[in-house]
Amino acid sequence: GTADSQAEAAQIVNSMVDGPDAADALAFGLSSVQVGPATRRGWAERVMADPKPENPAVLTAADILVADRLMTVAEVVDKLQIVCTGARLEDRGRYAKWLLDRNRPDEALVFVRPNEVRGSRGGYLVRAEALSAVQDWQELLRMLNAGSPLNESVTEILRARALEGLGRSSA
């Protein structure tokens with residue numbers, strides 16, 4: 001958008017940050033509105049002051065604060081670990097993917113537990129990726145054999161990867 005429309009969008013976000021739609025406004029602002037680094041940082045700090053796992057802006061805010069060197073990944077993990085523990089699978093799955101993308105597969109596995117991911121494609125895939133990252137091929141194969149919500153071709157690719165990791169052929 002134009003500079004005027006970006007400025008107007010920033011004003012709208014700022015007018016909403018103390019209201020009931022603050023989480024949505026900040027999520028929109030952080031993902032879609034081009035603002036200066038101070039405004040962006042202020043919005044991110046506001047989100048992280050009281051992070052909620054269902055807030056779509058939390059992980060974006062965390063990334064901004066890490067990129068701006070105001071928090072380390074370890075500090076973000078310390079802050080979000082407790083918040084995300086009792087969250088819905090969908091929200092824990094997003095957090096687990098975030099952890100996985102930051103090379104923390106062991107921590108990711110805690111948030112996508114084997115007994116609940118079978119009904120969630122996203123959670124299942126994150127768990128499969130995390131198991132691959134820690135090279136727990138036996139557990140990945142056990143998970144695949146118990147039933148997969150993924151399409152057959154993706155399931156077979158994961159199965160071949162697990163068998164290869166175990167030194168067996170998938171043929």
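This is a predicted model: local features need pLDDT of at least 70, side-chain atom pairs count only at pLDDT 80 or more; totals for chains, interfaces and linings use all residues.

Biologist: How many helices and how many strands does the protein have?

Modeller: Helices (H or I, at least four residues) and strands (E, at least two) are DSSP runs, numbered from the N terminus. Read along the sequence, the pattern is α-α-α-α-α-α-α-α-α-α. The count is 10 helices and 0 strands.

Biologist: What share of the residues of the protein counts as buried?

Modeller: Buried means under 20% relative accessible area, exposed over 50%, and partly exposed in between, with a 1.4 Å probe and protein chains only. The C-alpha trace spans about 60 × 30 × 25 Å along its principal axes. Of the 171 residues, the buried share is 40%.

Biologist: How far apart do the centres of the positive and negative side chains lie?

Modeller: Lys and Arg count as positive and Asp and Glu as negative, leaving out His and the chain ends. Each charge is placed at NZ of Lys, CZ of Arg, CG of Asp or CD of Glu. There are 20 positive and 24 negative side chains, and the distance between the centres of the two sets is 5 Å.

Biologist: Which helices do the buried residues of H6 pack against?

Modeller: Helix H6 covers residues 89-101 and reaches 18 Å from its first C-alpha to its last, close to the 18 Å expected at 1.5 Å a residue; the expected span is 1.5 Å times one less than the number of residues. Its buried residues include Leu89, Arg92, Tyr95, Trp98 and Leu99. An α-helix has 3.6 residues a turn, so residues three or four places apart point the same way. The buried residues of H6 pack against H4, H5, H7 and H8.

Biologist: Is Arg92 buried or exposed?

Modeller: Arg92 is found in helix H6. Not counting residues up to four places away in sequence, Arg92 touches Cys84, Thr85, Ala87, Phe111, Arg113 and Glu116. Because its relative accessibility is 4%, Arg92 counts as buried.

Biologist: What is the C-alpha to C-alpha distance between Val117 and Leu89?

Modeller: Val117 is found in the loop between H7 and H8, and its 1% relative accessibility makes it buried. Beyond four places in sequence, the residues touched by Val117 include Leu89, Arg127 and Met143. Val117 and Leu89 are 28 residues apart in sequence, and their C-alpha distance is 8.0 Å.

Biologist: Which backbone oxygen does the side chain of Arg127 reach?

Modeller: Arg127 is found in helix H8 and counts as buried because its relative accessibility is 7%. Leaving aside neighbours within four places, its contacts include Val112, Val117, Glu139 and Met143. A polar contact is a pair of N or O atoms within 3.5 Å; within protein, one must be able to donate a hydrogen and the other to accept it, and residues adjacent in sequence count only if both atoms are side-chain atoms. At 3.4 Å, the side chain of Arg127 reaches the backbone oxygen of Leu109.

Biologist: What is the phi of Gln135?

Modeller: Gln135 lies in the loop between H8 and H9, and its relative accessible area of 56% makes it exposed. Its phi is positive in a residue other than glycine, with a value near 55°.

Biologist: What is the phi of Asn103?

Modeller: Asn103 lies in the loop between H6 and H7. Asn103 counts as exposed because its relative accessibility is 67%. Its phi is positive in a residue other than glycine, with a value near 60°.

Key. Residues are numbered from 1 along each chain as its sequence is written. Side-chain values use heavy atoms; hydrogens and water are left out. Contact means heavy atoms within 4.5 Å.
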